[in-house]
Amino acid sequence: MMRLSCFCQHLSMDSAFKSPIFHPTASFSHSQVSFPFFSFQAQYLTLNKPPTILRCSNSSTISSTTNGNNNNMAGLPVKKKRKRYRKQYPGENEGITEEMRFVAMRLRNIKGKKVSSDCVSDSETDTENTPSDQEKEDDSETVKSGENGGDGEAETWSPTMEGFLKYLVDSKFVFNTIERIIDESDDVAYAYFRKTGLERSAGLSKDLEWFSQRDLVVPEPSNPGVSYVNYLEELAEKSAPLFLSHFYNIYFSHIAGGQVIARKLLEGTELEFYKWKGDVQESLKGVRKNLNMLGEHWSRDDRNKCLKEAAKSFKFLGQIVRLIIL
């Protein structure tokens, strides 16, 4: 009997501390709370409203939203800033070689008259698109250097064998220099232009040997050739893009002309200077492709400088060609 009493007492104490049982009521604003040994009623206020959920917000978000609302309170439309696009140079979509071709066209004879550097397409009128004023002045000087007496009229050429030999000697000096620089330089950019099939120095050596066997005196390089070689050597050390501008235009100019005078003076004899292994246009196309590829990584400022150097190359080459009539 004593054991049963203790067991009951122990059981009653455990039950007394169990979790309370809530009995919500449907019609009154109170609920019944009961425990095993006692009970009481807890009254509370109920509202027929949805629960309000509170959360933390980023103060910067609230501030930006508020400012945005204040700015648009007037109901005025927001004007977007207009983006200005730079007008492209003639030929820019095709690559740097096409841009240089336009420079060459600008300096060509048209109906016996020289074209000034101001006679350019309308797309070059934008200040962000055109070369600087100094570049325009240099181009104008390049054009004027080929004029006879400044009257804008075409010169009448009377080539001589002595002058033609000077032209070949200076040409060999120039070609030998640019090919040596390309072969010996550690600059990675020059590696793309080795063994292109356009090399001329070996053929010119054979031609000058042929002339010497016919009792013709082969002269030393003249001032135009020496000046150009010195300039090329300095440029190759300073800037690969600028040197490659001359490299391309030297070959381009040689392929474009010069054979007519040689055939006239030599009565149809064809020199090694004008012979190529394979299709010369395909070889030039490969050089053009590699130069355009490199040009894609040059800044617009570097490309503008290349165009300026293209005009300079035509000036130097023009001085060498003029040796034929001296």
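Start by selecting K312: at 25% relative accessibility, this residue counts as partly exposed. You are looking at a predicted model.

**Stop 1: along helix α11**

The side chains of K312 and E309 meet in a salt bridge, 3.8 Å from N to O. Both residues sit in helix α11, three residues apart, about one turn of the helix. Residues three or four places apart in an α-helix point the same way, because there are 3.6 residues a turn. E309 is buried, with a relative accessible area of 6%.

**Stop 2: the E99 bridges**

Stay on α11 and select R300, then E99. Their side chains form a salt bridge of 2.8 Å, N to O. This pair ties together distant parts of the chain: E99 belongs to helix α3 (residues 96-106), R300 to helix α11, 201 residues apart.

R303 is buried at 9%.

E92, E99, R300 and R303 are linked in a network of salt bridges. The structure holds eight salt bridges.

**Stop 3: helix α7**

Select residues 223-238, which make up helix α7. Check the length with a distance between the end C-alpha atoms: they are 23 Å apart. At 1.5 Å a residue, 16 residues should span 22 Å, so the two values agree.

Next, color the buried residues of α7: P224, G225, Y228, V229, L232, L235 and A236. Look down the helix axis. The buried residues fall within an arc of 130°, so they line one face of α7.

What do they pack against? Show α5 (161-184), α8 (240-256) and α11 (300-321); the buried residues of α7 pack against these helices.

Turn to the other side of α7. N223, E234, E237 and K238 are exposed there.

**Stop 4: a nonpolar surface patch**

Finish with V188, Y192 and M293. They form a nonpolar patch on the surface, with about 280 Å² of accessible area together. Zoom in on M293, which lies in helix α10 (residues 280-295). M293 is partly exposed, with a relative accessible area of 33%.

Terms used. Residues are numbered from 1 along each chain as its sequence is written. This is a predicted model: local features need pLDDT of at least 70, side-chain atom pairs count only at pLDDT 80 or more; totals for chains, interfaces and linings use all residues. Side-chain values use heavy atoms; hydrogens and water are left out. Patches are made of residues with over 30% relative accessible area and no salt bridge: like charges are joined within 9 Å, nonpolar side chains (Val, Leu, Ile, Met, Phe, Trp, Tyr) within 5 Å. Accessible areas come from the Shrake-Rupley method with a 1.4 Å probe; for residues, only the protein chains shown count as cover. A salt bridge is a side-chain nitrogen of Lys or Arg within 4 Å of a carboxyl oxygen of Asp or Glu. Helices (H or I, at least four residues) and strands (E, at least two) are DSSP runs, numbered from the N terminus. Buried means under 20% relative accessible area, exposed over 50%, partly exposed in between (1.4 Å probe, protein chains only). The expected span of a helix is 1.5 Å times one less than its number of residues. The arc is that of the directions from the helix axis to the C-beta atoms. Contact means heavy atoms within 4.5 Å.
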